[in-house]
Amino acid sequence: MDLLRSYLSRVRIPEPTNRIYKEECCISYDTPKSDGGLFVDMNSFLAFGKDYAGWNYEKSGNPVYLHIKETQKPVSEDRPLKKPTLLAIGIEGGFDNNDPEFETSYEIVILPDYLTLPFPSVELPEKVRLAVDSVIMNTGAEKKDQVAAWTADTKIISKHAMDLKQLDNGVVVPPSGWKCEKCDKTENLWLNLTDGSILCGRRNWDGSGGNDHAVNHYSVTKYPLAVKLGTITADLEAADVYSYDEDASVVDPLLAQHMQHFGIDFSSLQKTEMTTAERELDHNTNFDWNRIQESGKEVVPLSGPGYTGLVNLGNSCYLAATMQVVFSTYSFCSRYYKHQSLKAAFDMAPADPTVDLNMQLTKLAHGLLSGKYSVPATKKDNAGDADGTSLTAKQVGVSPHMFKSVIAAKHPEFSTTRQQDALEFFMHFIDQVERINSGNPNFDPSKSFKFGVEERLQCSSGKVAYNRRNDYILSLNIPLHKATNKNELQIFEAEKDAMGKELASNEIVHPRPRVSLMDCLNCFSAPEELNDFYSTALDAKTTAIKTAGLTSFPDYLVLHMRKFVLDSGWVPKKLDVYIDVPDMIDISHMRSKGLQPGEELLPDNASLDDGVKTDADEDIISQLVSMGFNYLHCQKAAINTSNAGVEAATNWLFDHMNDPDIDEPIIKEQKSSLHIDQSKLDTLVSFGIEEEVARKALQATGGDIEKATEWIFNPPPGLSNMETPPSSSGSVVDDAVPDGKGKYRLLGFVSHIGTSTHCGHYVAHIYKDGRWVIFNDEKVGVSQDLPIDMGYLYFFERYDG
């Protein structure tokens, strides 16, 4: 006790602003449930596993720790399961996790000799008792960083309810016998409270539900409120009212009045339909993941080094699938596992290693690759037989919440619990890794994905321009006209026409088009005609031919399949297509050659810092407006693509229609008076970007440094050499980019199921030890029915054998 009193100056009582870690070690995945328990530093409030507390003592000199140990309680064999009534996990009325219960014990430990003192104890100094009580009572930082329960938002009163416009069109809605006015749907029907139209609801990501007729009606009419027929009873609070403008289930205090306008006597109606929340609950309870999760297959569970599952934090499957493939590459495995120990990363880390990306990457690598946490879960074979257990493909796994907190810090999307695009996350991840290794590029593992792209533009004058950039992914269009089963598809279409009616749009139409991956690759480098190209040789707009190739072949080639396209009505849709992917590909023919003898570069008649054009091409704007786009948005699209053409502007619109500043007015300034923030300019220059190019990028993007970075590395199509410095030699943009032969072997792929990259589910399949393995969050097992033709991102490794 005297020793403890001598260390009281190193003990702190937590303040409200202090972050207290007591759920997981900050440099490993040890928890209070681990064999050695968890040691909380009573000065920094960081937590460490038994094998790592000594490292912290050596680094910080802090000797006093709270040791937390959780021991599992015996579980009754006949523990009843409750049916959920809320779309929630781990709260009353939600899904029962059926997790075992644990008993927690505490003691004070003094390092370096691990002297233990019991807690609670009246003999302990008051400062220690107060400090420990505060640590125990406060919510851990880990739980503050993640959503403890997943529930639907509380309904709000719609802003449209009190002054809702209702048309006097004579519509009277019968008490039953409803049917969608646009199709044959008789369920999931919504009554628009403005014009009385009855239309079906949204289509779910898996094809079930309605045909989107109600939401499409809103897109045309802008009538905002609808009530779901079949949910209306004398208790109007139970009725399901949806506001399309507010994109949420809402409360309509005047619902009775609004329904009486269409002759509806709500007191006589019986509830026949589930509300949106109930249907969502039912749908989540009965998800059918058959296509990419290999559901229904007897998956042989795997465990050990390199076969560790990742716990789903709530819509974090995009992160899990991507990181499993990334850490299957030699570059990342070598950098953060083989050649960097946890001790080395911890010694280099700042005082708080939980906010250090290098530390958390090393922690994640060791968690996934060491096999220490690859512990298979078990299931009871017989309810009454405690010994009758068998392995399942689901593991205990590791929880990547500290890594997610660091990699997603201050990012408006990845810092949320919403589903995200795996491609966008991969690009963000690579960017962050490149930044933390900028001081030592030779150790940068992201470089293994980096390659050069060269675009050749030849206008009608015969002169050429070469634009070069570096990239990390090769995004490929899918040429459906190259389908290998075209005859089969034509026969099917003919038979469908002969039926005299179309199949319901939510039915799965077979067969699907099959397109060769090599045709997708050839499509990337095929000549493309650009209209309205401004030629500096002619000083006028003309037609140009664009071709593209690679200036280098990376160690790992990531192919992104553009499955989300625009249909004939300019509405985004997902292509229902299979991609035939071989185990080996050879892209040697895609290497670009640079300026050739006899070619003449387009003249440069404008300086890079002359400013950015602020006049949009009215022809482009008028064509976009005729498609239903907002005039201001069309202006911005034309300006930001340098009037390259309708297609480029349309692609820009779909990429930026959700930008927070999309509706802000365009401010035209004199080219010479556009102010550039010097600090932003210096930041871009520090990335190795030439000052003139950085200045041009900031001017083109209104001074937004993130958009300027995107503009530099992904310039709008159709820019002539006056926007991007022309290249007259075969040298790549970055001499440090790896290069080799163009032959590649498939390493793994990330699959996606859902109508949008921001919903649905992601799963990874990786070729390991001579077999294909499925990584589905915590589940890891031998793949039985490889969905290789359904990939969203394909990862190839260069083959030099």
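**Aromatic pairs and strands in a predicted model**

The structure, a predicted model, holds 22 aromatic pairs.

Visitor: Is the ring pair of F332 and F449 stacked, edge-to-face or tilted?

Guide: A pair of aromatic rings is described by the distance of the centres and the angle of the planes. Planes under 30 degrees apart count as stacked and those over 60 as edge-to-face, with the rest counted as tilted. The centres of F332 and F449 lie 6.2 Å apart and their planes stand at 50°, so this pair is tilted.

Visitor: How many residues apart in sequence are the parts that this pair ties together?

Guide: Both F332 and F449 are buried, and the two also belong to one aromatic cluster, whose members include Y336, F403 and Y556. F332 lies in helix α10 (residues 330-338), while F449 lies in the loop between α14 (422-436) and β15, so the parts that the pair ties together are separated in sequence by 117 residues.

Visitor: Which residue of β20 is the bridge partner of E454?

Guide: Strand β15 (residues 451-459) is mostly covered, with seven of its nine residues buried. Eight bridges join β15 to the antiparallel strand β16 (residues 464-471), and seven bridges join β15 to strand β20 (residues 540-550), again in antiparallel fashion. In β16, the residue that stands opposite V453 is R469, whereas in β20 the bridge partner of E454 is G549.

Visitor: Which residue in the turn between β15 and β16 has a positive phi?

Guide: The strands β15 and β16 form a hairpin, and four residues lie between them. Within that turn, the residue with a positive phi, of about 90°, is G462.

Visitor: Which strands stand at the edges of the open sheet of five strands?

Guide: The strands of this open sheet follow the order β2-β1-β3-β4-β5, with antiparallel pairing. Each edge strand has a single partner strand, so one side of each is left without a neighbour in the sheet, and these edge strands are β2 (47-49) and β5 (115-119).

Visitor: At about what angle to β5 does helix α3 run?

Guide: Strand β5 is joined by five bridges to the antiparallel strand β4 (residues 102-110), and I108 has L117 in β5 as its bridge partner. Helix α3 (residues 126-137) lies across β1 (38-41), β3 (64-72), β4 and β5, and the angle at which α3 runs to β5 is about 75°.

Visitor: Over the ring of which residue does the charged end of K59 sit?

Guide: K222 lies over the face of Y218, at 5.1 Å from the ring centre. The charged end of K59, in turn, is 4.4 Å from the centre of the ring over which it sits, and that ring belongs to F346.

How values were computed
Residues numbered from 1 in each chain as written. Predicted model: local features only at pLDDT ≥ 70, side-chain atom pairs only at ≥ 80, totals over all residues. Heavy atoms only, no water. Buried < 20%, exposed > 50% of the residue type's maximum accessible area, 1.4 Å probe, protein only. Helix = DSSP H or I, 4+ residues; strand = E, 2+ residues; numbered from the N terminus. Pairing = 2+ DSSP bridges. Phe/Tyr/Trp six-rings, centres within 6.5 Å; stacked < 30°, edge-to-face > 60°. Lys NZ or Arg CZ within 6 Å of the ring centre and 35° of its normal. Contact = heavy atoms within 4.5 Å. Axes fitted to C-alpha atoms, helices over the stretch in contact; angles between N-to-C directions.
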